[in-house]
Amino acid sequence: MSTLQDGGNMNDRNEWDPVHTLFRTLSKKWAASVLLSLFPRPLRFAEIQREMDCTNPKTLTNTLKLLEEEGLVHREVVAGRPPGVRYDLTASGRVLTERIYPLWKWASDRAG
């Protein structure tokens, strides 16, 4: 019988539910890219959009909302003229992105 490293049962469907949820979240358009963009520092919406060369603000907005709902991104309203919004990784988002980054680096290196 296959087991997980921590002793869990790989054949137990409930053991995989958090993994499926995570992969479902990361498979959403721009989700992993947003996390990687926020990894070094907090950014405003327009900065994320520029950094990712994302032309569809609605898609980016939906992705940011999803990541916020999943507890991976924190949204902060910034006073000013005009008022703005700054996004940053939560502690969970930072831990996850630290684990995604090597995969991104590996894929980038393989692509040439």
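A nonpolar core is a set of buried Ala, Val, Leu, Ile, Met, Phe, Trp, Tyr and Cys residues joined through side-chain atoms within 4.5 Å, where buried means under 20% relative accessible area, exposed over 50% and partly exposed in between (1.4 Å probe, protein chains only). The model is predicted, so to speak of local features pLDDT of at least 70 is needed, side-chain atom pairs count only at pLDDT 80 or more, and totals for chains, interfaces and linings use all residues. Residues are numbered from 1 along each chain as its sequence is written, and side-chain values use heavy atoms, with hydrogens and water left out.

The largest nonpolar core has 20 residues, and Val34, Leu35, Leu38, Ile48 and Val73 have the most contacts inside it. Two or more residues of this core come from each of α2, α3 (45–52), α4 (57–69), β3 (84–89) and α5; helices (H or I, at least four residues) and strands (E, at least two) are DSSP runs, numbered from the N terminus. The element that gives the most is α2, with five residues. Leucine 38 is in contact (heavy atoms within 4.5 Å) with Leu43, Ile48, Val73, Tyr87, Asp88, Leu89 and Arg94, residues up to four places away in sequence not being counted.

Rings of Phe, Tyr and Trp (its six-membered ring) pair if their centres lie within 6.5 Å; planes under 30 degrees apart count as stacked, over 60 as edge-to-face and the rest as tilted. Two aromatic pairs are found in the whole structure. Phenylalanine 39 and tyrosine 101 are stacked, at 6.4 Å centre to centre and 20 degrees between the planes. This pair links distant parts of the chain, 62 residues apart: phenylalanine 39 is in the loop between α2 and β1 (43–44), and tyrosine 101 is in helix α5. Tyrosine 101 also pairs with tryptophan 104; the centres are 5.4 Å apart and the planes at 35 degrees, so this pair is tilted. About one helical turn separates tyrosine 101 and tryptophan 104, because they are three residues apart in helix α5. Phenylalanine 39 is partly exposed at 24% relative accessibility, as is tyrosine 101 at 35%, and tryptophan 104 is partly exposed with a relative accessible area of 42%.

Helix α5 also supplies six residues to the lining of the largest pocket, the largest share. Each of α1 (13–26), α2 (31–38) and α5 (91–111) supplies at least two lining residues. Among the lining residues are Leu22, Phe23, Arg99 and Trp104.

Technical notes: 1 Å grid on protein atoms, 1.4 Å probe; cavity = no way out; pocket = protein on both sides within 12 Å on 5 of 7 lines; lining within 4 Å.
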